[in-house]
Amino acid sequence: MTSGKINVTVENIFPLIKKFLYSDHEIFLRELVSNATDATLKLKHLTSIGEAKVEYGNPIIEVIADKENNTLTIKDQGIGMTSEEVEKYINQVAFSGAEEFLEKYKDSAKDTGIIGHFGLGFYSAFMVANKVEIITKSYKEEPAAHWTCDGSPEFTLTTSEKNDRGTEIILHIADDSKEFLEDFKISELLTKYNKFMPVPIKFGTKTEKEGETEVVVDNIINNPNPAWTKQPSELSDEDYKNFYKELYPMQFDEPLFHIHLNVDYPFNLTGILYFPKLTGDLQIQKDKIQLYQNQVFVTDNVEGIVPEFLTMLKGVIDSPDIPLNVSRSYLQADGNVKKISNYITRKVADKLKSLFNENRADFEQKWNDIKIVIEYGMLTDEKFYEKAGSFTLYPTVDDSYLTLDEIKEQFKANQTDKDGKLVVLYASNKEAQHSYISAAKEKGYTVLLLDSPIVPHLIQKLEMSNENVTFIRVDSDHVDNLIKKDDTVVSKLTEDESKSLKEVVEKVVEGSSYTVQTEAMDSNAAPFMITQPEFMRRMKEMQATGGGGMFGNFPDIYNLVVNTNSELASKILSTEDAESKNFLIKQAIDLAKLSQGLLKGEELTAFVKRNFESIK
């Protein structure tokens, strides 16, 4: 028997481990199961190269809870340790056996999937245990070892009667951590962190039955060969859908499509990303991508690894090259992370492009479900913006879809302004802007339907990179003033009559935020229309959705456009009675406001009352 002190460089490492090293105590099980996996995969590698003269067999990892004795055991059939190795790997805190193994066998072991790099993983056991035992037997022909530590720097190391190869970690659970003996809690943690570990895991509970101890072992709880570890050629569409259900058992909608990631240079990364059907609340959609390192769950907060606009997707990313801190939970600054992010951006853009080229009709059908991701990506990621132009669609109010190049080609015939710039008319709400859409369509104009909340920001960017294109909402500054037409409409009123009409209307709206304009339009057009200056309205919308704040708060400014060719304009001018004239003007203004949803409160009440009076 030998005894001694663990080789630590601090006064007492255990309180530090328990309180500060790991922010979340539950990860102890992840670390210990990961160590068991490493031990198993090390043995697999040594047997494959002929260094270990033993049968690898079909090893499993067992997790056994014993409530009677307040113990939790993690048992593997892996490489095991000799007494000398226990001294070296356990008693010297922060010395990583996995790291040394990978260095020794760096040429042949680089693809073994060995996880550990941190050395401190085993000591996470003391976060929940007041005593820890290791009973281990190496694959080598040497006696088994039994190590015991009660949470102080003191330990004992003796020989053991264990005959079968592998390691048992026995945790004597502390009183304040008894929850980790409950079946539901252990199952929850194994499912969360170890669901896709590369070695089969069984979980059972040790119980007493008629005075005899019985171990009840459940079935394998993990999938050692998840879809992302396979080649795309091995998987069917049904396999991808089934894996989606495995990842998100409570998600009933099928994904729209998937992207299989697989790269081994200049970094290692595998994974599968899914485009789900998105809801209007983008924040709820986030944190659905799961990050793994060699099939061990790390986090579902992948900001930094995955471009921000793609955090609304679902799926899995697995990479041993993503740098983590000692608890495997947070990214450290590293050049690989940026490379990985750029690769994922490129891969997603290439997939979208191929879907567009292969089946445009199907791509159009899915557009409304994926557009917010693509539009957000165009705004926030310059590399994605450069690629997205070839597959980004702009639907029209008539349910057809155009690319920007197609818009440029189609609109240049009759939708250019006086300077030759292309005018792209769009609506943000088909119902609210129906009258304006109808008026534009009657003149032969095409109107796009751009109704996502980030459109004001997006069209600002599109205009900056396409200097001969301007976007105008269909109810903004009246389109007939913007679009150059061959058939100019002549006003029925003289210049003096138009001036007089403007003055009488201005008296009615005096002191409001409405600027009166007179314009010769088609006689069938609305007599009075309300529009907003495009720039001011767009800046106000951008401010409301995050942006434009540097310019201060924008006021509500409206244009009240009076059609000089309408019968109502002529009637207002010919009406001698001032009260009747004001009634006509007020009624026309209120109808114009009503069509834009601007008639509210006292004004709406007065309008309704005035109309009932006129009916009587």
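Reply: Happy to! This is a predicted model, in which local features need pLDDT of at least 70, side-chain atom pairs count only at pLDDT 80 or more, and totals for chains, interfaces and linings use all residues. Residues are numbered from 1 along each chain as its sequence is written, and side-chain values use heavy atoms, with hydrogens and water left out.

Let's start with strand S12, residues 289-293. Strands (E, at least two residues) and helices (H or I, at least four) are DSSP runs numbered from the N terminus. Is S12 enclosed or open? Five of its five residues are buried, so S12 is largely enclosed by the rest of the structure. Buried means under 20% relative accessible area, exposed over 50%, and partly exposed in between, using a 1.4 Å probe and protein chains only. In a regular strand the side chains alternate between the two faces of the sheet. Here, Ile289, Leu291 and Gln293 point one way, while Gln290 and Tyr292 point the other way, and all are buried.

Now for the partners of S12. Two strands pair if DSSP finds at least two bridges between them. S12 runs parallel to strand S14 (residues 314-318), joined by four bridges, and Tyr292 has Asp318 as its bridge partner there. With strand S13 (residues 296-299) the run is antiparallel, through three bridges, and Gln293 stands opposite Val296. The hairpin of S12 and S13 has two residues between the strands, and Asn294 takes a positive phi near 50° in this hairpin.

For another sheet, look at S20, S22 and S21, which form an open sheet in the order S20-S22-S21 with mixed pairing. Its edge strands, S20 (514-519) and S21 (528-531), each pair on one side only. S21 is joined to strand S22 (residues 558-563) by four bridges and runs antiparallel to it, with Met529 opposite Val561.

Back to burial, this time in a helix: H13 (residues 455-465) is mostly covered, with eight of its eleven residues buried. Among them are Val455, Pro456, His457 and Leu458. Over in helix H19, you will find Leu604, which counts as partly exposed because its relative accessibility is 31%.
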